[in-house]
Amino acid sequence: MADLNEILVETVTAGASIGFLPPVAPERADAYWQFVQNAVYSGERLIFIAHEEDRAYGVVQLRLTQKGNGAHRGEVEKLMVHPTSRGHGIGHKLMAALEHKAWEIGRTLLLLDTRRGDVADGLYGRLGYTRFGIVPAFTIDSDGTKHDTCFFYKQLSPSK
């Protein structure tokens with residue numbers, strides 16, 4: 001879990017808008033990953049970790065909709081690549097693995113959101129996600145600056 005803590009802390013420190021404000025205390029990171037672990041064990045989410053030789057350098061989650069009328073959809077959450085590992089296609093590979101598994105388990109509609117103008121904003125468009133809305137002033141930085149958030153969806157096909 002130490003690698004995941006480091007990825008979380010360093011991603012937020014580098015400016016990613018993933019629901020945390022810097023600085024992320026180690027106890028907060030530990031509590032978050034414990035929450036994720038419990039959600040994985042309960043079947044509420046899946047986690048995909050990019051690693052090599054027992055070292056993690058990227059992670060993304062798929063939250064599985066629990067509503068009866070939503071068994072075909074999931075939400076992509078918290079795509080993070082350690083800042084020192086960016087630019088090598090890790091985000092693309094994590095998303096491809098997530099989409100493949102989502103298709104395998106019958107989740108054919110994926111949703112996600114990201115801060116407008118972030119690197120992820122462009123990434124999701126390149127991965128075939130369709131922007132369907134922007135909510136103004138949806139997130140706030142530690143200095144009080146408000147940012148718009150973009151919402152995306154993707155219909156999966158058998159090739160994913």
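## Strands and how they pair

Two strands count as paired if DSSP finds at least two bridges between them. Strands (E, at least two residues) and helices (H or I, at least four) are DSSP runs, numbered from the N terminus. What you see above is a predicted model, in which local features need pLDDT of at least 70 and side-chain atom pairs count only at pLDDT 80 or more, while totals for chains, interfaces and linings use all residues. Residues are numbered from 1 along each chain as its sequence is written, and side-chain values use heavy atoms, with hydrogens and water left out.

Let's start with strand 3. How many bridges join strand 2 to strand 3? There are six, and the two strands run antiparallel. One place to look is glycine 58, whose bridge partner in strand 3 is valine 81. Strand 3 also pairs with strand 4, this time in the parallel sense, over three bridges. Here glutamate 75 has leucine 111 of strand 4 as its bridge partner.

## A crossover and a hairpin

Strand 3, helix 3 and strand 4 together make a right-handed β-α-β unit. Right-handed means that, with the strands pointing away from the viewer, the path from the first strand over the helix to the second runs clockwise.

Strand 5 (residues 130-140) and strand 6 pair in the antiparallel sense, over seven bridges. Arginine 131 stands opposite phenylalanine 152 of strand 6. The hairpin of these two strands has five residues between them, and glycine 144 takes a positive phi near 95° there. Within strand 5 itself, alanine 137 has a positive phi of about 55° although it is not a glycine.

## The nonpolar cores

A nonpolar core is a set of buried Ala, Val, Leu, Ile, Met, Phe, Trp, Tyr and Cys residues joined through side-chain atoms within 4.5 Å. The largest one has 23 residues, and those touching the most other members are Val60, Val76, Leu94, Met95, Leu110, Tyr124 and Tyr129. At least two residues of this core come from each of strand 1 (45-52), strand 2 (55-64), strand 3 (73-81), helix 3 (90-104), strand 4 (109-115), helix 4 (119-126) and strand 6 (146-155). Which element gives the most to this core? Helix 3 does, with five residues.

Not counting residues up to four places away in sequence, valine 76 touches (heavy atoms within 4.5 Å) Val60, Gln61, Leu62, Met95, Leu98, Leu110, Leu111, Leu112 and Tyr129. Strand 3 is mostly covered, with seven of its nine residues buried.

Helix 1 (residues 2-13) has twelve residues and reaches 16 Å from its first C-alpha to its last. That is close to the 16 Å expected at 1.5 Å a residue, where the expected span is 1.5 Å times one less than the number of residues. Its buried residues are Asp3, Leu4, Asn5, Ile7, Leu8, Thr11 and Val12. What covers them includes helix 2 (26-41), strand 1, strand 2 and strand 3. After helix 1 comes glycine 15, with a positive phi near 110°.

Is threonine 11 buried or exposed? Threonine 11 is buried, with a relative accessible area of 2%. A polar atom of its side chain lies 2.6 Å from the backbone oxygen of isoleucine 7. Beyond its neighbours up to four places away in sequence, threonine 11 touches Ala16, Ile18, Met80, Val81, Pro83 and Arg86.

## Loops and a strand end to visit

In the loop between helix 1 and helix 2 you will find proline 23. The peptide bond from proline 22 to proline 23 is cis, with omega near -5°. Aspartate 54 sits in the loop between strand 1 and strand 2, and has a positive phi of about 65° although it is not a glycine. Aspartate 54 is exposed, with a relative accessible area of 77%.

By contrast, leucine 64 in strand 2 is buried, with a relative accessible area of 8%. Leucine 64 and arginine 107 are 43 residues apart in sequence, yet 8.2 Å apart in space, C-alpha to C-alpha. Leaving out residues up to four places away in sequence, leucine 64 touches Gly43, Glu44, Arg45, Leu46, Arg73, Ile105 and Arg107.

Key: Buried means under 20% relative accessible area, exposed over 50%, partly exposed in between (1.4 Å probe, protein chains only). A polar contact is a pair of N or O atoms within 3.5 Å; within protein, one must be able to donate a hydrogen and the other to accept it, and residues adjacent in sequence count only if both atoms are side-chain atoms.
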